[in-house]
Every structure is written in structure tokens, then in C-alpha cells.
Amino acid sequence: MTEQRSGKVSAGPATAEAVRTIRRLDAPRISGPSVHMSLADDIGLRIVRGDYPPGTILPNEAQWTEIFNVSRTAVREAIKILMAKGLLASRPKIGSWVEPKERWNLLDRDVLSWYALSPDRLQFLKTVQEFRHIIEPEATALAAARRSDEQMSEISAALKDMGQATTLQARTQADTRFHLAILRASGNDLLVPLGALIESALNHLFLLVTRDDNSSVHALKLHENIEKSIRLRRPNAARHAVRRLLANTDELIAHSERNV
């Protein structure tokens, strides 16, 4: 057992046979021009969903090469990617191990996407919703006070696309564009990259809560109220309109949780 910083690498190594068995069951052979990216995506998803708990020492470079039928260069690059995202750490003679969750970069686009596909995705999406409660009401009030005509057109266009969407995917994509456009219109430079990072999580959240026509019609009306408040430059009304939308989403998440 070897201590690493504040924690310990306590779990044993993941054996090549164990990983090979998992791979036979649910993963295609990795190939193509971005092999290291695909490999990082494959391993990253397995880490986030709990196949390799924090502290687990992962297969070594030679084992990964055999398991995934890729080059050692691809393995090294994939491990570097996962280390940069905070999921892995590495040391000579020990290898790579899974870091504690508090060291993972949860604002990384890929990590967010992996979380949204994990078994505890509902809990994660509830966390995303809490984040929205903290950020969006004030961001929308700022947008109502600061938005440009061009930014207003972007918000209105996303709303129109929501209303005209004929598929769930198109509707959720327009919904995400609507909220990201508002963050950009807030005029706060820190909110813009933050919005881009949570884009994947918002897409998964909207796919979860946007199900039947009745809920969609009601949600569209709530979005229309937000758009109107921003267009008329009414910060307080915009703030309250967003809170009503978030409360509606809370109810839909609770309904989904009861039906799991």
C-alpha cells in the first residue's frame, strides 16, 4: 500500500482479464485517426460510472495495449488526457491510479458528458439544476439590463426554434441555445466559458425533463415570459420568470426520480 498526497492508493490493480471481459461485453474496437481521444473517452466513462473506483491502480501500458489493440503511444496520450482532467495520477513503478472525485475537473466538457451517462446521472443532473438556481436568475437579470440587439435576436431565434421543433432532440438543442445565449447576453465574461462547459449537461437534463406535449407547451410559455422580460429590459421580471421555469424543471426532475 502506497500513500499518495492526502489519500492512499488502496485498491488493487484492475487486471487485464477483468478489463478485457468488460470490453468484450460493451465496447467496440477502437480505431480511427483520433485513437487516443477515443481511448480516453472509453476509460474516462468507465472511471466516472464506477468501474474503477478512486484508488484503483489501472492496467499498465502493455496491458492497455493488449486490451484495446492500440499502440503504446495512443495509451500514453490517453492517460495524459485523463490526468489533465484530474481523473488519474501516475508515478513510475506504481503506474496510474484513479484520483478521488474531489480532484476531478467537473467543469470539463468531457467529464460532464461522462457523468451524464453514468448510473447516478439523475443525482448529477439534480446538481446541475442546483447550479442553475445559483447562476441563471441573476445572469438573466443582467441580460435584461445589458443585452444588445444582436444578442436579443439570438435569444429570440432560439425560442422560435423551440416552438417549431418537430423532434425532442431539436427542441432540447434549441433550449440549450436559448440559455447559453442569455449567459452571453449577461455581459459577464466569466459566465460565457462556464455556459459552454455545461452545455452537454444541459442537453442531457432537457432530454430527461422534456417528454410529453403538455409539459413542452407549458415550458415554452415559461421561456416566452423570459424572452419577453429580456426584450423589454425588465431585470426583476426576468429574474422571477427564470425562477418559475426552474421550479417547473424541479417538479419534472422529481417526477422522473419517482419513476426510476
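**Stop one: helix α3**

Start at Asn-60, which caps the N-terminal end of α3: one of its side-chain oxygens sits 3.1 Å from the backbone nitrogen of Ala-62. Helices here are DSSP runs of H or I with at least four residues, strands are E runs of at least two, and both are numbered from the N terminus. Before moving on: this is a predicted model, where local features need pLDDT of at least 70, side-chain atom pairs count only at pLDDT 80 or more, and totals for chains, interfaces and linings use all residues. Residues are numbered from 1 along each chain as its sequence is written, and side-chain values use heavy atoms, with hydrogens and water left out.

Now select α3 itself, residues 61-68: Trp-64, Thr-65, Ile-67 and Phe-68 are buried (under 20% relative accessible area with a 1.4 Å probe, protein chains only). Look down the axis of α3 and these buried residues fall within an arc of 165 degrees, so they line one face of the helix. Just past α3, click Asn-69, which has a positive phi of about 55 degrees.

**Stop two: colour by pLDDT**

pLDDT is the predictor's confidence in each residue, from 0 to 100. The chain averages 85, and 85% of the residues score at least 70. Where pLDDT is low, the predicted coordinates should not be read in detail.

Conventions:
Buried < 20%, exposed > 50% of the residue type's maximum accessible area, 1.4 Å probe, protein only. Arc of directions from axis to C-beta. Polar contact = N/O pair within 3.5 Å; in protein donor to acceptor, adjacent residues only side chain to side chain.
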